[in-house]
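Please look over the sequence and the structure shown here before turning to the notes on packing and contacts that follow.

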Amino acid sequence: MAASGQLPVTQDLSSLRAKLQKLLRFLREALPISNAHTVDFYTESVWEKLVDLPPETVLSALRTSAAASEACPLEEAGRMSDVTDFPKIFCETSQKLVNVEAFALAAKYYSVQNLGICTPFDQLLVALHGNQKQRTDENVKLDEFMNLKKSHEVQAMSELISSIAEYCGIKQVIDLGSGKGYLSSFLSLKYGLKVYGIDSSNTRGAEERNRKLKKHWKVYRRRSKPDVSGLALQTAKEKKVQDEAKCKADTEGVGTNSTAGQGKPSTSDFLSEFSGSVISDIRRQMENLKVYSHQEENLCFENAFSLRDLLPVNAIDPTSSSQIPKRKMSEASKERRKITSKSNESNIYSPLTSIITADSELHDIIKDLEDCLMVGLHTCGDLAPNTLRIFTSKSEVKGVCSVGCCYHLLSEEFENPHKEYTQERWGFPMCHYLKEERWCCGRNARMSACLLPTESLFYRAILQDIIKECYGITKCDRHVGKIYSKSSSFPDYVRKSLKKLGLDESKLPEKIIMDYYEKYKPRVNELEAFNMLKVVLAPCIETLILLDRLCYLKEQDDIMWSALVRLFDPVKSPRCYAIIALKKQQ
């Protein structure tokens, strides 16, 4: 490896499994709340089945808990060592929720941050850089190229990836699920890495976006770095004017002096005087640029200047055989610029279109595959676990940095145990312990972190009752989509939804539709309270998924180091955790 810094100590597999076991003990009782479908909230009497408290009590307790959490984050939860230390949360006979305060406290305790399984981001960066000075570029404002959320994500993740690449001595990066290519482009332009961005959709848009980004990037970098060439040329012009004036004065002095050769200044005089001013200025400016890498210099100083252009008038003997005609010098300069441009092409972003699975052969997709890092920023569904599987199975992939999202799109091995599947690789679970437990979250639980506004859910729950009672359909799993945002009223929402579901909306007068609305309006607080319970529980579901992935990596024999890192501000980017791992040296 290129660096020898000691990476932060992380928890071993046995410690992580112990935390996982305690989390499962809590989730076995709490998971029915997460798995309840709000579409069936009224038709299946979900509140009465799962909660033994008035909705007003639940809402008040959760709001009090949230306020206390902001005042003293995790102070009370931190004192609890085990779920058995919590007061009784669920009734032993009915399994209904009976203690909201304890429920909120337990959910807080089993969050990623409180369990102590995260490695601090800053601590990792320091370890990766070792004794080397970390390269910084505080003036780069990514929001000139992308929105604030994306710029926050790209800046943090690219800094980490470049640090890992430098630590491992790696120049090639594979960005899975690269999408619009923001991360890939930035890794290439700022850090000089050779990046292959692979996405299942058409990548021509990413290519065009990268071209525009590169254009804006070059302009930006010229503005943000010292303009050495401009300063040198300006100094040379000023010197040129001074030399012309001096030459004129010396020529006029020839008429009054009889000594031969005194009227014409020598070339050595000009060079001596030039070296004392212009060259010293250039040298000082170039020394200031040593903090920037060679790649950054290539990006900033495309309009390279030649020493000949800076020399004062008559500094070069016109009869010198080494003089290059002005036109030919210009052509030589162009050719030199072409060569520099070609050399920079080794540090490029190449968008590729391909569907990636755990069994994908990278050599078939990337012809010049070499030792590389595999990364993914908000890789959707199964792509995140498949990224980890590719990392563990391909010898060329030396490190991985993966931030997953869209947990509701994960495939689960034990979700439908009675259904036969040909699929061999599943998104969840990955680790041996959860496979042995045949653990299943369920799609509704995985969706709990992506809840819609309460009124939208309220409309959909009433619609389900209308479908059941007026159309005789007891189970309707079809999605109505984003009709709520396009509807002017509840009757308008119902009619548009029925039409999309292929049901005759004309058989329902508006009075009947509004009767259903008035029937459930007093119970909207039940749905709001239940929705909040699911939101409180959502971080525990994410903890389970992340622990599963981290334990999977800890189970591999050839992995030197693996960790979970909070990479982003969760307010700006809720899916903020990165799974990072490095392989042992061969």
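**Briefing: helix packing, core and selected residues**

In this predicted model, A384, P385, L388, R389, F391 and T392 in α17 meet R549, Y552 and L553 in α23. The axes of helix α17 (residues 383-393) and α23 come within 11 Å and cross at roughly 5°. Angles under 35 degrees count as roughly parallel, and the two helices α17 and α23 are therefore described as roughly parallel to each other.

**Overall make-up**

- The secondary structure of the chain consists of 23 helices and 7 strands, and 47% of its 586 residues count as buried.
- Among contacts in the chain with a separation of 6 or more, 78% are between residues 24 or more positions apart.

**The largest nonpolar core**

- The largest nonpolar core has 145 residues, of which F26, F103, M157, L160, F530, L533 and L544 touch the most other members.
- Helix α23 (residues 524-554) gives the most to this core, contributing 15 residues.
- L544 touches L20, L23, L24, L27, F428, L434, W439 and C441, when residues up to four places away in sequence are not counted.
- As general background, nonpolar side chains in soluble globular proteins tend to be buried together.

- Leaving aside residues up to four places away in sequence, L13 touches C551, K554 and E555.

**R446, a buried arginine**

- R446 is found in helix α19 (residues 443-446), and because its relative accessible area is 3%, R446 counts as buried.
- A polar atom of the R446 side chain lies 3.1 Å from the backbone oxygen of L410, while a polar contact of 3.3 Å joins the side chains of R446 and E415.
- The residues that R446 touches, not counting those up to four places away in sequence, are Y407, H408, L409, L410, E412, E415, C441, I541 and I545.

**E413, a partly exposed glutamate**

- E413 lies in the loop between β5 (397-405) and α18 (432-437), and because its relative accessibility is 26%, E413 counts as partly exposed.
- The side chains of E413 and K435 are joined by a polar contact of 2.8 Å.
- The C-alpha atoms of E413 and F428 are separated by 6.4 Å, with the two residues 15 residues apart along the chain.
- Not counting residues up to four places away in sequence, E413 touches W426, F428, P429 and K435.

**Helix α8 and the residue that follows**

- Helix α8 (residues 182-191) is mostly covered, with 10 of its 10 residues buried.
- The buried residues in α8 include Y182, S184, S185, S188, K190 and Y191, and they also include L183, F186, L187 and L189.
- Just after α8, G192 takes a positive phi of about 70°.

Conventions
Residues are numbered from 1 along each chain as its sequence is written. This is a predicted model: local features need pLDDT of at least 70, side-chain atom pairs count only at pLDDT 80 or more; totals for chains, interfaces and linings use all residues. Side-chain values use heavy atoms; hydrogens and water are left out. A nonpolar core is a set of buried Ala, Val, Leu, Ile, Met, Phe, Trp, Tyr and Cys residues joined through side-chain atoms within 4.5 Å. Buried means under 20% relative accessible area, exposed over 50%, partly exposed in between (1.4 Å probe, protein chains only). Helices (H or I, at least four residues) and strands (E, at least two) are DSSP runs, numbered from the N terminus. Contact means heavy atoms within 4.5 Å. A polar contact is a pair of N or O atoms within 3.5 Å; within protein, one must be able to donate a hydrogen and the other to accept it, and residues adjacent in sequence count only if both atoms are side-chain atoms. Axes are lines fitted to C-alpha atoms, for helices over the stretch in contact, and angles run from 0 to 180 degrees between N-to-C directions. Angles under 35 degrees count as roughly parallel, over 145 as roughly antiparallel, 65 to 115 as roughly perpendicular and the rest as oblique.
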